[in-house]
Structure formats: structure tokens, C-alpha cells
Amino acid sequence: MHSKKIIIVIFIILCGFTSHSLFADTAESVKRQINDINSQIEALDREIKQYQDKITTTSGEANSLAKIVAELNLTRTKLTKELEQTQKKITATNLVIKNIDEDITDKERTIQQSRLLLGKMFRTLDTYDNITPLERILAEEDISEMTREYNNIIALNEQVRVNIREINKQKVELDITKDKKEVEYKNLSELKQTLTGKKVVIDVTKKEKDTLLSQTKNKESEYKKLLAERQKLKDTFEKELDDYEAKLQFILDPNSLPKAGSGVLSFPVKTPFMTSPFGPRWGRFHYGTDFRAPVGTPVTAMASGTVLGTGDTDLSCKGASFGKWVFIKYDNGLSSTYGHLSAISSKVGQKVKAGDIVAMSGNTGSSTGPHLHVNVYASSGVNVQNVPSKSCNGKIFTQPIAALNAYLDPMLYLPKLPKS
């Protein structure tokens, strides 16, 4: 009797480890959908690259109103394609999360079944252990039957060990799958933030073109005149600001800064390519580092910290300073300003960590073309101030202001640039 019961339990155990074909079919269907969407994303990638190539070619042409309008039109079309691509990435990520959710449910169900089967095995062994060897001998009609039952008990014990190992393995796989889900949720959040930013930048680009055409009356002569006025204003303001910051007194304490070369900051753009370093440039000193960043590129925090300021200097004096900017104080003794942004997605007081999207790159303020300008400072030597400007008709500028010796070379604290 006991032999038959043990054989039945082992049969149930083997059946309990069969795969769930229904889940496999569902997972395969979702995978096909994801692959289809990824193919569409790759096609959009190629389109976006073509538009970026056209923008680059247009940027290299002689400066003219027609060139600027053409560049803005191309940029808006490219951003629209990027918007479509981001929407598809969101769809694909939602499908991945759905697949992971089903996988988690399947793994949890399997673990529960394995535990139930393990309970049955323990109860069977416990029943068998309550019978003394003498009782077992007397209960059996021949020695061969007793031997067979003994072998079945050994097999059941082995299956208990296998079942325990399998449960532990499934628990590890479940934890890994849950970690994957967390990563995908973070990815989804970033994509949704990027989507919102792209929509804003598309509207900003259209408004910029309309404003430019209105200001110049769509005449090249008016554009040249406007350009000359802005250049003069820009040069005067930059000298005025340098003189103001040069008068600020600040004693830099090297011990308050992270060690140079420590890599405590991460790059603010996904694919970093430096276009202008910290140091002398064009007869002046460039107090930041510029990175290549087409309009609408997500800009991220370089470390954990707090957003202490955001603003737009173009509202006071167009083309004379940072344009749209974000100021972040990090927890490591450093602070940074991002300039020439097209859209700001962070708020004053917001806590951020490395990789969090805070803005979209652009071409606002004193900028000769789309890029991301990054200033890094000793935190104790910089703060957001309201500064009146004589060159801009007494307008009040609100932006980060620092003593000149508080400016630091960002590359001292960023990782080494990729060779490519």
C-alpha cells in the first residue's frame, strides 16, 4: 500500500514541473509585438539621422535668415520623428513590463506548487517513518516487495532534495525578474519625461521661427541688423558679467572639493562629445565645457543633489547669457549650471540623482548653435543672484553668479571621454 502511495506522489511531483504552455504562447506573442515595434524604431532611427545630417549641412552654410528658418524647420521635423519614436519605445516598454509581470506570476505559481508538493512529500515520509521496521517486515509478504518499497523511499528522499534545490533556484530567478521590472519601470518613466519634453521643444521651435520672421519682417537686411545688435549686446554683457564676478571675494578651500580624477560626476548627455573645453577661447576665458547636443537632447543630473534654480535670461535680454538654465547643488561639494536649454523639466527644490532628466538641450541665450554648456563650481562660491545690467537697459538678470576662482574644469570630475 505504501509503495503505491509513494509512486503516486513521485508521479505528481514530475507532473508539477511541467512548463506552462499557455504562458509560453502568450510570451511568444508579446515578443513578436516587441520585435515588430523595435523594427519600426530602427526605421525611425534612420530617418532621424537623415534629418540630423541635413541640419548639420545647413548649419555649415553662410549665416542668413533663410538658413536659420530652414534649420528650424528641419529641427522641428526631426523632433516630430523623435516624438513618434519615443511613443513607440513607450509602447514597447509597456509590452516588456507586461511580459515580465506574466513571468513573475508564472514563477510565483510554480514556487507555490512546488511548496505544496514538497508538503505532500514530507507528509508521506512522516507517515512511513511512523511505522517500525518490524511492522514493515510483518506487513510485507516477501522480501522483494520490502526492497522495492525501500528503493521508493530512497527515490522520494532524493526528489525532496531536488524539489528544495528547484524552489531555491526559482526564488533567485524571481528576484532577478523583479529587478528587471524595476529597471524597465525606470526606463518607462524616463521615456514619458522625454516625451513631454519633446512636445514642449516642438512648440518652442515653432514659436522661435514665427518670432524671428515677425521681428525681421522676413527680410534678410532686417535679420543682419538684428544679428549685429545681438552680437554687440552679447559682447558688452559678457564683459560686464566678467567684471562683476572678478570683484567677488572667495577663498577656495581645496579640502571641500572631491579629488580631481575621482569621477564623482557622470556625463549630462547619453553620448558625450566635447566641442569646447574649459579654458582660453576666442580671446576670452571659457568658464565651462560644451558638449554636442542637438535640440531636444535629454539633459541629466551629474550626481545626487538638489535643483536650486531655473530660469531664462532671454526674458531679460535675448541672446546675452545662458538662455534657459538649470542650477543644481550636488551633495559632494560641487554645483553645476546647464545653459542654452530649450525646455526645463525640473523644479526648484527637487531632489535629483545621477541620470535623472532635468531639461532638454537647445540653442537659447548666447549660443552660436545647438549645444549643452556646463559650468561646474565649488558650491560655497556660487549662488543664484539678481544682477542689474547696464548693457541691457537696466534689466535684472537672474542667474547663477560665482567668483571667478570658484569656477572649476568639469573634466576634472567627469569620467574620461570615450575615444570615439
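These legends describe close-up views of a predicted model.

Residue numbers start from 1 along each chain as its sequence is written, and side-chain values use heavy atoms, with hydrogens and water left out. In this predicted model, local features need pLDDT of at least 70, side-chain atom pairs count only at pLDDT 80 or more, and totals for chains, interfaces and linings use all residues.

**View 1. The protein in outline.** The secondary structure comes to six helices and 14 strands. Helices (H or I, at least four residues) and strands (E, at least two) are DSSP runs, numbered from the N terminus. Of the 420 residues, 43% are buried. Buried means under 20% relative accessible area, exposed over 50%, and partly exposed in between, with a 1.4 Å probe and protein chains only. Among contacts with a separation of 6 or more, 75% link residues 24 or more positions apart. A contact means heavy atoms within 4.5 Å.

**View 2. The second largest pocket.** This pocket holds about 1100 Å³ of space. Its lining has 31 residues, and Lys198, Lys270, Thr271, Thr297 and Pro298 lie nearest its centre. Two or more lining residues come from each of helix H2 (21-59), helix H3 (65-129), helix H5 (143-216) and strand S5 (298-300). H2 gives the most, with six residues. By type, the lining divides into ten nonpolar, eleven polar and ten charged residues. Ala, Val, Leu, Ile, Met, Phe, Trp, Tyr, Cys and Pro count as nonpolar, Asp, Glu, Lys and Arg as charged, and the others, Gly among them, as polar. On a 1 Å grid over the protein atoms alone, a pocket is an open set of points where a 1.4 Å probe fits, with protein on both sides within 12 Å along at least five of seven lines; lining residues have an atom within 4 Å of a point. Grid points are joined across faces, edges and corners, and a volume is the space filled by probe spheres set on the points.

**View 3. The largest nonpolar core.** This core has 38 residues, and Leu265, Ile328 and Tyr338 have the most contacts inside it. Strands S7 (324-330), S8 (334-344), S10 (357-361), S11 (371-378) and S14 (407-408) each give two or more residues to this core. Leaving out residues up to four places away in sequence, Leu265 touches Met302, Ala303, Tyr330, Asn332, Leu334, Val376, Tyr413, Leu414 and Pro415. Another core, of twelve residues, lies apart from the largest one and includes Ile97, Leu188, Leu191 and Val201. A nonpolar core is a set of buried Ala, Val, Leu, Ile, Met, Phe, Trp, Tyr and Cys residues joined through side-chain atoms within 4.5 Å.

**View 4. Strand S6 and its partners.** Six of the eight residues of S6 (residues 305-312) are buried, so the strand is largely enclosed by the rest of the structure. S6 and S7 run antiparallel, joined by seven bridges. Gly305 has Tyr330 as its bridge partner in S7. Two bridges join S6 to strand S9 (residues 351-352), again antiparallel. Here Thr306 stands opposite Lys351. Two strands pair if DSSP finds at least two bridges between them.

**View 5. Strand S10 and its partners.** Five of the five residues of S10 are buried, so this strand is largely enclosed by the rest of the structure. S5 pairs with S10 in the antiparallel sense over three bridges. Val299 has Ala359 as its bridge partner in S10. S8 and S10 also run antiparallel, with three bridges. In that pairing, Ala343 stands opposite Met360.

**View 6. Thr86 in helix H3.** Thr86 is found in H3. At 6% relative accessibility, Thr86 counts as buried. Not counting residues up to four places away in sequence, Thr86 touches Leu191, Thr194 and Leu195.
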